[in-house]
Amino acid sequence: MSVEIGSKKPLMWEVMDKASALSMPLQVALELTYRCNLRCAHCYIDLIDKEELSLIEWKDVLHQLKSAGTIYLLFTGGEVTIRDDFMDIMNYARAKGFFVGLLTNSTRITPTIARAIANLRPFALGTSLYGATAASHETVTQIHGSFNKTLEGVKLLSNAGLVPTVQVLTMKSNLSELPKIEELVKSLGARPKIGGGMAPTKSGSEVPFSYEPRMEELMTCGHAAETENVESSGPGVCKAGRSICSISPRGDVFPCIMFSLKLGNLRLSTFDSIWSLEPCAELQLLRSMKQSDLQACGACEVKAYCKRCTGSAYAESRSMNGASPSACRQARMRARLTDIQKTGQPSI
């Protein structure tokens, strides 16, 4: 769940490393709601939570996180703007001295909301676009009119002086449109970020993978291999449960958004107890993990192309140090695409 923070990224990595060594929750994702006005076919959130924390409860959570040493908060959902009090929560967080980030589908952004978000000076602001046309985008969101509303929201945020990062997930349905999507995003004053790699849902369903392009489709469209930001030493142990974590709408604490291992609940215990004073056995095990514990990864011939997520591995195999089938498959695809680009022939 680590969020990219512009030119400060190298420094942030160093800070996160030190925080991980101290088990300090430097960055926390707050899932304010699982409700959403879109029905994206590949969405990893397949849970319903009607017992959301109230404004008062979220303020108490923020107070606890401040005491725990948290600096960065990422507000997400579902769709956070579904909550009428989402700006109250974010404003309170900013007043407490947190740096705040926001993920939104942008369909509910108004000029007033855009200016309010700009006043927060967010360290990260992300949204998503799934096609260059209403037809392709709405094939994914399954909501008529969502394409134009998304574009309008992005433009309003840009007009307010912000530069939203528009995440473009590579899917079967948009492969031929990627250059057009990138051009469209730039025309709105936003920054496109094209990426691939589906993940299982929170309940462990593999449905999202059915929307992932096959190797042959990637080759046909000429899509570039995603080899950037991949450590040549192979997959390591992430910072989930060490310097990052997430809190669900009802107050459940998890190692990160993608990691469905419940550590405790803030209605039943304090964050300090869950995180520091009485960490559960699973959290202690997670914090003790080393790269050498990833036994299935050590001798892998495509480990240099792997972006293994411990949370996804846990969802797929119920093992924190086991292989992640999706990461293995995606790593092989990156390796083959890179070979084809360099030599014209795949070596794997």
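Tutor: Helices (H or I, at least four residues) and strands (E, at least two) are DSSP runs, numbered from the N terminus. The model is predicted: local features need pLDDT of at least 70, side-chain atom pairs count only at pLDDT 80 or more, and totals for chains, interfaces and linings use all residues. Residues are numbered from 1 along each chain as its sequence is written, and side-chain values use heavy atoms, with hydrogens and water left out.

Student: Which helix holds S326, and is S326 buried or exposed?

Tutor: S326 belongs to helix 13, residues 325–343. Buried means under 20% relative accessible area, exposed over 50%, and partly exposed in between (1.4 Å probe, protein chains only). S326 has 3% relative accessibility, so S326 counts as buried.

Student: Which residues does S326 touch, not counting residues up to four places away in sequence?

Tutor: Contact means heavy atoms within 4.5 Å. By C-alpha positions, S326 is 7.8 Å from M198, although the two are 128 residues apart in sequence. With residues up to four places away left out, S326 touches F209 and E316.

Student: How far does helix 6 reach from its first C-alpha to its last?

Tutor: Helix 6 covers residues 146–159, which is 14 residues. The expected span of a helix is 1.5 Å times one less than its number of residues. For helix 6 the expected value is 20 Å, and the reach is close to it, at 20 Å.

Student: What covers the buried residues of helix 6?

Tutor: The buried residues of helix 6 are S146, F147, T150, L151, G153, V154, L156, L157 and S158. Their cover includes helix 4 (111–119), strand 4 (124–128), helix 5 (134–141), strand 5 (165–169) and helix 7 (178–187).

Student: Which residue with positive phi follows helix 5?

Tutor: The buried residues of helix 5 are S136, H137, E138, V140 and T141, and what covers them includes strand 4 and helix 6. Helix 6 is followed by a residue of positive phi, G161, near 100 degrees. After helix 5, the residue with positive phi, near 60 degrees, is Q142.

Student: How many salt bridges does the structure hold?

Tutor: A salt bridge is a side-chain nitrogen of Lys or Arg within 4 Å of a carboxyl oxygen of Asp or Glu. By that rule, the number in this structure is 12.

Student: How many residues apart are E31 and K202?

Tutor: E31 and K202 form a salt bridge, with the closest N and O atoms 3.2 Å apart. The pair links distant parts of the chain: E31 is in strand 1 (residues 27–31), K202 is in the loop between strand 6 (191–195) and helix 8 (215–221), and the separation is 171 residues. E31 counts as buried because its relative accessibility is 0%. K202 is buried too, its relative accessible area being 13%, and the separation asked for is 171 residues.

Student: Why does the salt bridge of R35 and E52 tie together parts of the chain, and how many residues apart are they?

Tutor: The side chains of R35 and E52 meet in a salt bridge, N to O 3.0 Å. R35 and E52 both lie in the loop between strand 1 and helix 2 (55–68), so the pair ties together parts that are 17 residues apart in sequence.

Student: Which residue forms a salt bridge with R250?

Tutor: R250 lies in the loop between strand 7 (244–247) and strand 8 (252–254). R250 is partly exposed, with a relative accessible area of 32%. Its partner, with the closest N and O atoms 3.0 Å apart, is E51.

Student: How many charged residues are in the lining of the second largest cavity?

Tutor: On a 1 Å grid over the protein atoms alone, a cavity is a set of points where a 1.4 Å probe fits but cannot get out, a pocket is an open set with protein on both sides within 12 Å along at least five of seven lines, and lining residues have an atom within 4 Å of a point. The second largest cavity has about 40 Å³ of space, where grid points are joined across faces, edges and corners and a volume is the space filled by probe spheres set on the points. Ala, Val, Leu, Ile, Met, Phe, Trp, Tyr, Cys and Pro count as nonpolar, Asp, Glu, Lys and Arg as charged, and the others, Gly among them, as polar. The lining, which includes K202, divides into 4 nonpolar, 4 polar and, for charged, 1.

Student: Which residues lie nearest the centre of the second largest pocket?

Tutor: The second largest pocket has a volume of about 160 Å³. Its lining divides into 8 nonpolar, 3 polar and 4 charged residues. Of the 15 lining residues, those nearest the centre are Y34, L47, K202, S248 and F254.
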